[in-house]
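Colleague: I'd like to learn how to read a model like this one, feature by feature. Could you walk me through it?

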Amino acid sequence: MSGEAMWPGKGPVGHALPRRAVRAMAGLAALLAFGWADTSRADDLSALFDPGTIISVGGLVGSGPRFQGGNKAGLWGLPYLSFRRPDEPREWWSPDDGVGVSLLGDAHAQAGVVLDFREGRDLKDDRRLVGLPKLPVTIGLGLYGEVWPIIDILRLRAELTQGVRADDGLVAKLSADLIGRVGRLTVSGGPRVVMADSAAMRLDFDVPVGTSLLNPQLTPFRASAGLRSVGATLGASYDWSADWQTITSVRYDRLVRSAEASPIVRRIGTADQVTVSTGAVYSFSLNP
């Protein structure tokens, strides 16, 4: 059975590849401290001790908004790691899944702990942000659950994470994916919904009164809890051989309600958020 560490959720942010890569490696290290990253089975760690265990390593690179609601793109990069028993095929995964460690489950349903990244924001991302508080990059920790109403064809997934700082707030992510395979090609896609409590919404979209004195573009604004964005993702992967696989995906999110109404979005950024990625994975036998 397999386990994997992958792109930890939507919202790749950062104005340079090294910055994002450092964040990715930090997240990966945190997961390895738990054990092995595993988004599919509770007993997958035993696969590491099986003869012929297959290890898959690789990475993703892409482009997306530099901060929540931003209209300038930044580059990012993330590593990938998974393992599976030799008699198992490659397991499907979505690049925008949070990095998870399964605690229980089987082929029909799984649950466990999950880590995702929370976007930062500063003047290096956009000079028009002058006057707004600087937001450091951070992570959220929580739980995930997924079910497969139709195994290998339809997956439903939910993630709920709390930022590690007291004022980071709660973020819930819901997704559904339909997966189709034609020969070596796998195509997937489905809707995405993100919700957040008042703490998380205010962190990204509030405009303090004092900010408007320094930045007339931004009038005072107080964000409220609720729906943050709706969108969809489309992905494709191709198995060039038993060893090599390439992956491509695009995700669109539309900020709505309180998020869309923020002056940060209306006057500096955009409610339309697009993220694209591509990458490759190489698989090899640990003990042939």
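**The nonpolar core**

Modeller: Let's start inside. The largest nonpolar core has 11 residues in all: Val171, Val194, Ala196, Ala200, Met201, Phe205, Ala223, Leu255, Ala259, Val265 and Ala271. A nonpolar core here is a set of buried Ala, Val, Leu, Ile, Met, Phe, Trp, Tyr and Cys residues joined through side-chain atoms within 4.5 Å. Buried means under 20% relative accessible area, exposed means over 50%, and partly exposed is in between, with a 1.4 Å probe and protein chains only.

Colleague: Which elements give two or more residues to this core?

Modeller: Those are β9 and α2 (198-205). The largest share, three residues, comes from α2. Helices (H or I, at least four residues) and strands (E, at least two) are DSSP runs, numbered from the N terminus.

Colleague: And what is methionine 201 in contact with?

Modeller: Contact means heavy atoms within 4.5 Å. Leaving aside neighbours within four places in sequence, methionine 201 is in contact with Ala196, Asp206, Ala223, Ser224, Ala225, Leu227, Arg228, Ser258 and Ala259. Take Ser258 from that list: serine 258 is found in helix α4 (residues 257-261) and is buried, with a relative accessible area of 10%. Not counting residues up to four places away in sequence, serine 258 touches Met201, Phe221, Arg222, Ala223 and Ser224.

Colleague: Before we go on, what are the ground rules for the numbers?

Modeller: This is a predicted model, where local features need pLDDT of at least 70, side-chain atom pairs count only at pLDDT 80 or more, and totals for chains, interfaces and linings use all residues. Residues are numbered from 1 along each chain as its sequence is written, and side-chain values use heavy atoms, with hydrogens and water left out.

Colleague: Where in the chain is confidence lowest, and where highest?

Modeller: pLDDT is the predictor's confidence in each residue, from 0 to 100. Confidence is lowest in helix α1 (residues 17-34), at a mean of 39, and highest in strand β9 (residues 185-196), at 98. Over residues 1-43 pLDDT stays under 50, and the model has 166 contacts beyond four places in sequence for that stretch. The chain averages a pLDDT of 83, and 82% of the residues score at least 70.

Colleague: How do I read strand pairing?

Modeller: Two strands pair if DSSP finds at least two bridges between them. Strand β8 (residues 170-182) and β9 run antiparallel, joined by 10 bridges, and leucine 174 has valine 193 in β9 as its bridge partner. β8 and β9 form a hairpin with two residues between them, and glycine 183 in the turn has a positive phi of about 60 degrees.

Colleague: How many bridges join β9 to strand β10?

Modeller: 12, and β9 and strand β10 (residues 226-239) run antiparallel. Threonine 186 stands opposite serine 237 in β10, while leucine 185 stands opposite tyrosine 238 in β10. Moving along, 11 bridges join β10 to strand β11 (residues 244-255), again antiparallel. Tyrosine 238 has threonine 246 as its bridge partner in β11, and β10 and β11 form a hairpin with four residues between them.

Colleague: What should I look at in aromatic pairs?

Modeller: A pair of aromatic rings is described by the distance of the centres and the angle of the planes. Rings of Phe, Tyr and Trp (its six-membered ring) pair if their centres lie within 6.5 Å; planes under 30 degrees apart count as stacked, over 60 as edge-to-face and the rest as tilted. By this rule the count comes to five aromatic pairs. Tryptophan 92 and tryptophan 148 form an edge-to-face pair, 6.2 Å centre to centre with 90 degrees between the planes. Tryptophan 92 lies in the loop between β3 (73-84) and β4 (99-105) and tryptophan 148 in strand β6 (residues 138-150), so the pair ties together parts that are 56 residues apart in sequence.

Colleague: Are those two tryptophans buried or exposed?

Modeller: Tryptophan 92 is buried at 13% relative accessible area, and tryptophan 148 is buried at 10%. Now tyrosine 238 and tryptophan 240: their ring centres are 4.6 Å apart and their planes at 65 degrees, so the pair is edge-to-face. Tyrosine 238 is partly exposed, at 30%, and tryptophan 240 is exposed, at 52%. Ring pairs also link Trp244, Tyr282 and Phe284 into a cluster.
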